[in-house]
Amino acid sequence: MTRASGVTAGVFVVLGLWVVYEAHRMTYSTPTGPGPGLFPFWLGCLLALLGLVWFVQVLVTGRRQAAATAGRSEGGQQRLWPGRAGALRVGAVVVALLYAALAVEWLGFRLTMLTVLIALLVGLGRQRLIVTAIVSVTGSFGVYYVFTHWLSVQLPPAGLPWLSSLGL
């Protein structure tokens with residue numbers, strides 16, 4: 001088990017449980033439909049569950065690797081923090097999140113998420129172009145459609161007049 005993966009999985013479990021706790025303090029449902037606590041509650045449950053699955057997976061994989069390498073090397077220290085390439089990937093995600101926070105009022109949800117997803121999938125992933133295009137369009141325009149039409153949740157439209165005149 002790499003220590004970084006185990007620690008990260010544990011952080012996701014704790015974060016998920018904290019979200020569930022905070023969501024429990026909000027209204028789960030209203031007479032007209034879902035309340036403000038519905039999505040945070042279920043997303044927190046999902047985050048905690050996936051973090052737990054990841055932790056168990058890392059634990060099992062680590063034991064297999066330890067058993068396979070027993071006797072071959074002694075005391076191999078595992079790093080908690082990623083190397084340079086990993087730090088660059090983490091930095092790219094942080095920059096993308098900052099960009100999204102700043103650009104969403106100007107570009108709106110759809111264009112902001114489209115550019116963030118394209119940048120992250122091209123920059124970090126090794127996906128084919130068609131996969132990047134499908135995921136980016138679905139994750140921006142598809143999510144916008146689901147939230148605004150099916151769930152009646154308002155997501156920010158474009159703030160620039162020429163973009164809002166295009167219906168973005």
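Biologist: Which residues does Gly44 touch, not counting residues up to four places away in sequence?

Modeller: Gly16, Val19 and Val20. "Touches" here is contact, meaning heavy atoms within 4.5 Å. Keep in mind that this is a predicted model, where local features need pLDDT of at least 70 and side-chain atom pairs count only at pLDDT 80 or more, while totals for chains, interfaces and linings use all residues. Residues are numbered from 1 along each chain as its sequence is written, and side-chain values use heavy atoms, with hydrogens and water left out.

Biologist: Fine. Why does Gly44 count as buried?

Modeller: Its relative accessibility is 1%. Buried means under 20% relative accessible area, exposed means over 50%, and partly exposed is in between, with a 1.4 Å probe and protein chains only. So at 1%, Gly44 is buried. Gly44 sits in helix 2, residues 38-69; helices are DSSP runs of H or I, at least four residues, numbered from the N terminus.

Biologist: And Ala48, what makes it buried?

Modeller: A relative accessible area of 10%, so Ala48 is buried too. Ala48 is also in helix 2, and leaving out residues up to four places away, it touches Phe12, Val13, Gly16 and Leu17.

Biologist: Now helix 1. How do you know that its length agrees with its residue count?

Modeller: Helix 1 runs over residues 3-24, and its 22 residues should span 32 Å; the end C-alpha atoms are 31 Å apart, so it agrees. The expected span is 1.5 Å times one less than the number of residues.

Biologist: Which residues of helix 1 are buried, and what makes you say they line one face?

Modeller: They are Gly6, Ala9, Val13, Gly16, Val20 and Ala23. Seen down the axis of helix 1, the buried residues fall within an arc of 125°, so they line one face of the helix. That arc is taken over the directions from the helix axis to the C-beta atoms. An α-helix has 3.6 residues a turn, so residues three or four places apart point the same way. On the face turned away from the buried side, helix 1 carries the exposed residues Val14, Trp18 and Tyr21.

Biologist: How many salt bridges does a search of the whole structure find?

Modeller: One. The side chains of Arg25 and Glu22 meet in it, at 3.2 Å from N to O. A salt bridge needs a side-chain nitrogen of Lys or Arg within 4 Å of a carboxyl oxygen of Asp or Glu, and this pair, at 3.2 Å, is called one. Arg25, at 56% relative accessibility, counts as exposed, and Glu22, at 27%, counts as partly exposed.

Biologist: What makes the nonpolar surface patch?

Modeller: Phe39, Leu43, Leu46, Leu50, Tyr145, Trp150, Leu151 and Val153, covering about 780 Å². Patches take residues with over 30% relative accessible area and no salt bridge; nonpolar side chains (Val, Leu, Ile, Met, Phe, Trp, Tyr) are joined within 5 Å, like charges within 9 Å. Areas come from the Shrake-Rupley method with a 1.4 Å probe, and for residues only the protein chains shown count as cover. Helix 2 gives the largest share, four residues; helix 2 and helix 4 (129-150) each supply at least two. Val153 is in the loop between helix 4 and helix 5 (161-164).
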